[in-house]
Number of protein chains: 2
Amino acid sequence: MSGTSRDGIDVALVEIGGTFPSNLIRLIHAETAPFPRWLRAELIGDGAPAGPARLTALDFAVGECFGRAAMRAMARAGLAPADVDVIGSHGQTVFHAPGGVRLGPRAVAGTLQIGRGSMIARLTGVETVTDFRSADIAVGGEGAPLVPIYDYVTLRSPAKSRIALNIGGIANLTALPRGGSPTDMVCFDTGPGNCLLDIAAALITGGRARYDRNGALARRGEVDRSLLARILGHPYFRRRPPKSTGWEEFGETLVHRIWRERARWRPLEARGLLATLTEATAESIAMAVADFVRPHMSPDQVIATGGGARNTFLMERLGLRLADRFPAITVEKGEAFGIDSDAKEACAFAYLAYLHLARIAANVVSQAAGLRPAVLGCLYPAPARLSC
Amino acid sequence: MSGTSRDGIDVALVEIGGTFPSNLIRLIHAETAPFPRWLRAELIGDGAPAGPARLTALDFAVGECFGRAAMRAMARAGLAPADVDVIGSHGQTVFHAPGGVRLGPRAVAGTLQIGRGSMIARLTGVETVTDFRSADIAVGGEGAPLVPIYDYVTLRSPAKSRIALNIGGIANLTALPRGGSPTDMVCFDTGPGNCLLDIAAALITGGRARYDRNGALARRGEVDRSLLARILGHPYFRRRPPKSTGWEEFGETLVHRIWRERARWRPLEARGLLATLTEATAESIAMAVADFVRPHMSPDQVIATGGGARNTFLMERLGLRLADRFPAITVEKGEAFGIDSDAKEACAFAYLAYLHLARIAANVVSQAAGLRPAVLGCLYPAPARLSC
């Protein structure tokens, strides 16, 4: 898969044993393949109008690139395409609007991930599942998150109520009540993950730093309480799940506005901004657990993955803010539970391809919201070896 | 499927028996479902910029519309979704460029048909195959034509060399040498089918007529020999197969230019224009047979389908122009061979869905052009009835 930052293609080669939901999922090899420079430029070139011609060309070019990334990963892992049963490719999201966009008299929900599966199947010779999100949209869901079923299979416990927390640009969580079933899961985006911190780090270093390594800058700053309160007053944090958000809501605009208006929160210096944003991120996650998870379960453990799990200062602050509400809670990294922080999402989509083949519904189903189970994805067969 | 005119959705319900390539394909029911007015307006609104948001919304809205059309057709045929094994949906082409479009330093080939399969599968409860063209593009083909395999199965003969000729907006043919195999087929677009005639009919009646019914107007006109020669001098007619063309090449621009310049071909009146365009269409098909089919086989029969097969004057002229070159050739309508002229393409895509399930390569493979066999389409499963 490739995330919203469009940095590269995360490839994971996994072995899946057992039967659902007691699968054993073992990571064999993971790597991140960069996009060719010209293709990344085309992908992030938000100025260019993307009509049908350009979008289709991107769709096929990204598919080719994903296919080559899969070939390279197999070669590095010492495997041949014939050793691989199926490829699951999330692709690159270029549009996602579960709430719908206006079309004539209607609001039409939709989602679009590019990276055409026929290109991947043809280059690798391995059958390929893509378009995982649209079936959930078709049954009235948000098309996201899709990772909860993977969290359920890899992290559920009969003895502990756990929260799988992934801190990417946006942070999301899956609450897994002890001994619960998939329909007992509570899953939503808590709000900002690394996005505010990364943007602020780039802003205050004039672009030299792409992120605040280990939270070192934030650790030496002072939190501005009034700015913190203002950020935490964002209406998203009060919305009830299911809910999802994006960089549009918690991205550049927000951070740049705060920085332009910094005279208001004097003396807000660079490190103070980072300290405040780090505290806001940690506190927003703790608030989400208290407000929207606690009604369903009393959490024992938080298992953090994603880039944010490597920000030691953010993890410390999150631990403290959670401990305020849940004295016995522990916060640990995914690695302690056999989860590779960086490869988690790629592993999840490999597993979703397996669930597709097994015809097992993998979307998050909530009786309350009237959502229906759906087998996710569409399958492109491997190219025929013989003509008819 | 829906063709380039975007008039409506051609639905065919077929029963497929036997084993490939000796399948028996029986048409149970066929109908054309109109698009809702607002959706057709959105589809033909070529002025509107179709960015990712609009294209995705159209993709889902067209998918919903195709799903409803399938439901209606099943109900009218007295069948339930559980009676139907699979839906094959060509969708609505919005972009097709096997020759590639510029993207960064590359020319990237691609094709895009909208009508998301997950919407069709969810509305009908029937698993659905879509995106038939991209796998052929992925192996280096043109993504078209895809109907030849259907022609092969339904019309090949051990005793006669046949040409399956479909006269839609563009005319295409599949040459089936007697006793030949699929790799012996020769398939290409001959050039204009009804497109020049329909545009001219609308032009000279001020939009009152959408086509020249039975060629009645053309029959009373006089052919302008110099204009005829000029049209037949179009370089497309000399290009060697495989080749395909579209309304861009033989559409409004050409007809309107001729009509604006009609003073040159005096006295070219309305009926004379139609007579000349009808003659050009008939002659271009006969030329194509002589130039590009004769080297492979001596044709015994032409089997015509598509709207053009109902234009009795066009069929007469085609018969004469062919008889000039092949004295013993016969020209008949599809119905004489059990082929429904109007439902043929829809039947073909139902059959292509069957070939997908059977994992049989269905693209046109030419050893000469180095094209490789490909299983066409991607499969969206039916929605799960039970959660995991």
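This is a predicted model: local features need pLDDT of at least 70, side-chain atom pairs count only at pLDDT 80 or more; totals for chains, interfaces and linings use all residues.

Analyst: The buried residues in question are B:Cys195, B:Leu196, B:Leu197, B:Ile199, B:Ala200 and B:Ala201.

Of these partners, H10(B) can be described in detail. The axes of H6(B) and H10(B) are 9 Å apart, and the two helices pack at an angle of about 175°. That angle is over 145°, so H6(B) is roughly antiparallel to H10(B). On the H6(B) side, the contact is made by B:Leu196, B:Leu197, B:Ala200, B:Ala201 and B:Ile204. On the H10(B) side, these meet B:Ala270, B:Leu273, B:Leu274, B:Leu277, B:Thr278 and B:Thr281. Sorted by type, the residues of this contact are nine nonpolar, two polar and no charged. B:Leu196, B:Leu197, B:Ala200 and B:Ala201 are also listed as buried in H6(B).

After H6(B) comes B:Gly206, with a positive phi near 60°. Further along, the loop between H6 (195-204) and H7 (216-219) of chain B holds B:Asn214. Phi of B:Asn214 is also positive, near 60°, and B:Asn214 is not a glycine. Most residues other than glycine have a negative phi. B:Asn214 has a relative accessible area of 40%, so this residue counts as partly exposed.

A:Asn214 lies in the loop between H6 (195-204) and H7 (216-219) of chain A, and its phi is positive, near 60°. A:Asn214 is partly exposed, with a relative accessible area of 39%.

A:Asn194 has a relative accessibility of 12%, which is under the 20% limit, so the residue counts as buried. Its side chain reaches the backbone nitrogen of A:Gly308 at 3.4 Å. Leaving aside neighbours within four places in sequence, A:Asn194 is in contact with A:Ile167, A:Gly168, A:Gly169, A:Gly307 and A:Gly308.

Helix H10 can be followed in chain A as well. H10 (residues 270-293) of chain A has 24 residues and reaches 34 Å from its first C-alpha to its last, close to the 34 Å expected at 1.5 Å a residue. Since 21 of the 24 residues of H10(A) are buried, this helix is largely enclosed by the rest of the structure.

The axes of H5 (residues 148-155) and H12 (residues 344-357) of chain A come within 9 Å and cross at roughly 95°. An angle from 65 to 115° counts as roughly perpendicular, and H5(A) and H12(A) are therefore roughly perpendicular to each other. From H5(A), the residues in the contact are A:Ile149, A:Tyr150, A:Asp151 and A:Val153. They meet A:Lys344, A:Cys347, A:Ala348, A:Tyr351, A:Leu352 and A:Leu355 in H12(A). This contact divides into eight nonpolar, no polar and two charged residues.

H12(A) itself is mostly covered, with 11 of its 14 residues buried. Among them are A:Lys344, A:Cys347, A:Ala348, A:Tyr351, A:Leu352 and A:Leu355, which are also the H12(A) residues that meet H5(A). The 14 residues of H12(A) should span 20 Å at 1.5 Å a residue, and the end C-alpha atoms are 20 Å apart, which agrees. After H12(A) comes A:Arg359, whose phi is positive, near 55°.

In chain B, residue 151 is again an aspartate: B:Asp151 is found in H5 (residues 148-155). B:Asp151 is buried, with a relative accessible area of 1%. The side chains of B:Asp151 and B:Lys344 are joined by a polar contact of 2.8 Å. Not counting residues up to four places away in sequence, B:Asp151 touches B:Arg156, B:Ala164, B:Thr174, B:Leu176 and B:Lys344.

Key:
Residues are numbered from 1 along each chain as its sequence is written. Chains are lettered from A and ligands numbered from 1 in the order in which they are written. Side-chain values use heavy atoms; hydrogens and water are left out. Axes are lines fitted to C-alpha atoms, for helices over the stretch in contact, and angles run from 0 to 180 degrees between N-to-C directions. Helices (H or I, at least four residues) and strands (E, at least two) are DSSP runs, numbered from the N terminus. Angles under 35 degrees count as roughly parallel, over 145 as roughly antiparallel, 65 to 115 as roughly perpendicular and the rest as oblique. Contact means heavy atoms within 4.5 Å. Ala, Val, Leu, Ile, Met, Phe, Trp, Tyr, Cys and Pro count as nonpolar, Asp, Glu, Lys and Arg as charged, and the others, Gly among them, as polar. The expected span of a helix is 1.5 Å times one less than its number of residues. Buried means under 20% relative accessible area, exposed over 50%, partly exposed in between (1.4 Å probe, protein chains only). A polar contact is a pair of N or O atoms within 3.5 Å; within protein, one must be able to donate a hydrogen and the other to accept it, and residues adjacent in sequence count only if both atoms are side-chain atoms.
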